[in-house]
Amino acid sequence: MALPTYASTGQTVWYYAFRVICGLIFFFLIFPILTIIPLSFNALPYFTFTPEMLRLDPAGYSLEHYKDFFNNPDWQGALWNSVRIAPVATLLSVAFGTLAAIGLSQSHVPFRGAIMAILISPMIVPLIISAAGMYFFYSRIGLQGTYWGVVLAHAALGIPFVIITVTATMVGFDKSLTRASANLGANPVRTFFKVQMPLILPGVISGGLFAFITSFDEVVVVIFVGSAGQKTLPWQMFTGLREQISPTILAVATILVVISICLLTVVELLRRRSERLRGMSPG
Amino acid sequence: MTDATANPEGPILSADGVPLKRSLSRALRRQKLRALALIAPLLIFVILTFIAPIADMLFRSVENSIVPETIPATAAALGEWDETSGQAPGEPVFRALYEDLKVAVEEKTHTRLGSRLNYEMTGASSLFRKTGRRVDRMDESAPLKEQFLDIDKGWGDIEFWQGVKRFSGDYTAGYFLGAADLKDGPDGIESKPESQQIYMLLFQRTLILSVTITVACLLVGYPIAFLLATLPLRTSNMLLILVLLPFWTSLLVRTSAWKVLLQQQGVINDILVYIGLVADNARLELINNATGTIIAMTHILLPFMILPLFSVMKTIPITYVRAAKSLGATDWTAFWRVYFPQSVPGIGAGAILCFILSIGYYITPELVGGTTGTFISNRIAYHISSSLNWGLAAALGCILLAVVLVLYWLYDRIVGIDNVKLG
């Protein structure tokens with residue numbers, strides 16, 4: 001709401017005060033993330049700005065911590081494990097999730113509410129409870145401490161995100177298109193890949209990105225379900241933060257922030273595209 | 001309708017001569033089956049990888065098979081002992097115990113039984129260990145009761161035997177009682193000694209901190225959501241990115257950022273000292289206590305408050321406020337009587353979501369909470385990985401799960417799970 005020309009002094013003051021408050025809150029939201037970026041280039045192993053850094057003296061900055069990240073076998077092993085686990089878990093959640101989301105958006109689904117509640121539950125149940133249950137159950141069936149145990153657990157955690165985004169996309173899907181395709185002689189599989197899939201693809205991709213970030217970021221379940229051989233990047237960060245906090249963590253954090261900025265950009269672009277296609281965006 | 005006129009008596013027929021009603025219901029059934037067939041793989045997957053583990057945890061919280069499995073004969077023999085007689089069990093029970101222990105010591109399961117009973121009766125663990133070391137030196141032909149009593153007087157303790165009898169069933173409520181700071185003592189259920197009551201305190205603290213965090217999120221998030229909803233779409237889309245960036249940033253990154261910023265020698269204290277608000281020798285303790293948990297968790301959960309609030313506020317026409325003002329309302333009245341009531345659904349959605357998420361949080365309290373800012377989930381993790389009292393961990397988990405499910409149900413009633421929006 002713009003300030004009208006007839007506003008009284010009190011209203012003007014409040015108008016700008018409100019903007020300042022909002023500015024402060026935005027600052028609160030963003031500054032912890034932004035502060036760690038310059039701190040990660042600190043030449044000394046401290047967690048605060050050194051006088052050299054404040055003077056913008058190049059000697060105060062270095063790539064020391066980044067070098068450590070790329071040379072330390074612990075961190076490299078963790079990175080490799082994360083890269084090995086997250087895509088497979090994402091693939092599983094997307095494949096199962098998309099199929100189910102298509103099923104769920106049919107007009108007549110028996111027990112829809114109950115099924116939806118079960119499928120969304122991994123997102124609602126606290127992670128520590130999921131982790132405890134999976135730890136007990138997976139050790140019974142011999143999956144605890146294995147690669148596949150972690151992948152299955154992460155796939156289960158990613159499924160609600162895929163279901164939510166894909167069903168949301170399906171709402172705008174014109175069902176007469178599948179009928180038209182069938183009418184023209186395509187079988188259901190061909191209809192799915194040639195007609196339905198291209199149209200719901202933005203939803204599927206953003207669901208997949210959510211599932212990916214869930215797995216890539218996840219630490220509670222992997223600590224319990226995994227063993228030392230499945231140590232992922234967040235797990236390594238968690239141990240680092242709890243035991244001997246080293247500035248390398250800040251370098252890793254900065255790299256992860258850059259990755260999340262990339263993911264966020266992709267999701268935003270997809271969302272805008274799909275809104276534009278459906279004529280819901282201002283352009 | 002031609003079919004109906006051709007056959008006025010019979011049902012309406014479809015083109016292939018089948019009654020229309022049956023043909024329609026068959027088509028509907030086929031449609032339902034197809035939908036189910038599409039959902040089935042995922043449903044089975046989630047049930048196997050997620051629901052079964054949760055069910056296993058529920059089962060573990062009441063399971064007690066270790067006692068009847070390790071000392072089966074003793075458990076049976078105790079059935080004939082009258083625990084109200086005021087006398088320790090007689091020779092048959094001790095003979096059964098001797099036979100059971102011989103097997104248990106060979107399989108090294110007696111120490112596990114000892115630690116299980118130790119949760120209920122202090123001293124049981126050392127009793128079983130001590131006896132286990134000597135059981136093969138006992139004389140089978142002589143009366144065994146005296147020999148057991150020679151090893152440890154504890155075997156003559158009536159309360160101990162009453163305890164063993166109480167916990168010799170396949171199922172037990174002991175873990176749940178333990179989680180509620182109660183115990184199943186000789187005189188029925190009683191509360192534990194004051195010094196051992198920690199779980200009620202922890203549940204209480206979890207609730208208080210979660211409410212504080214939720215309220216903080218609401219207070220901080222409401223102005224932002226309001227601003228985003230009233231600004232022109234282009235500007236609000238730009239600003240929304242500032243909300244979404246923390247949402248997409250790794251949880252560990254945000255927690256480590258706070259850990260670094262809030263330290264006594266960290267950036268925030270440095271700034272406060274530089275401004276002169278705080279003396280250099282009286283730097284604030286912002287981390288490893290409840291303050292640290294509240295600050296970091298408010299930051300982490302804020303997007304979950306702002307996004308639902310924003311999506312509700314977007315639909316409130318700002319013209320209503322203008323109309324109220326043109327009818328003579330002050331700015332405050334227009335907001336409080338017209339705008340605010342319409343934003344209540346958003347507040348409900350955001351608050352429940354924040355509360356559900358915060359009540360089960362583990363990572364952030366573990367890293368920045370110290371000892372006074374930890375939640376019940378940290379205790380669950382401790383019992384799984386350090387104290388190995390899995391039954392108690394499962395019971396605590398069940399209580400937490402029950403709370404969350406009630407809130408989830410509420411959320412479903414108020415918002416609907418279908419309406420959950422991401423970004």
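pLDDT is the predictor's confidence in each residue, from 0 to 100. You're looking at a predicted model, where local features need pLDDT of at least 70, side-chain atom pairs count only at pLDDT 80 or more, and totals for chains, interfaces and linings use all residues. Residues are numbered from 1 along each chain as its sequence is written, while chains are lettered from A and ligands numbered from 1 in the order in which they are written.

**Stop one: chain A.** Colour chain A by pLDDT: the average is 87, and 97% of the residues score at least 70.

**Stop two: where the chains touch.** Now show both chains. In contact (C-beta atoms, placed from the backbone, within 7 Å) are 77 residues of chain B and 81 residues of chain A. Select helix 2 (residues 20-60) of chain B, which gives the most to chain B's side, with 21 residues. Helices here are DSSP runs (H or I, at least four residues), numbered from the N terminus.

**Stop three: one residue.** Pick B:Leu242, in helix 12 (residues 233-248) of chain B. Which residues does B:Leu242 touch, not counting residues up to four places away in sequence? Look across to A:Phe26, A:Leu29 and A:Ile30. Because B:Leu242 has 15 C-beta neighbours inside 10 Å, it counts as partly exposed (buried means 20 or more other C-beta atoms within 10 Å, exposed 12 or fewer, partly exposed in between; C-beta atoms are placed from the backbone).

Key: Helices (H or I, at least four residues) and strands (E, at least two) are DSSP runs, numbered from the N terminus. Two residues are in contact if their C-beta atoms, placed from the backbone, lie within 7 Å.
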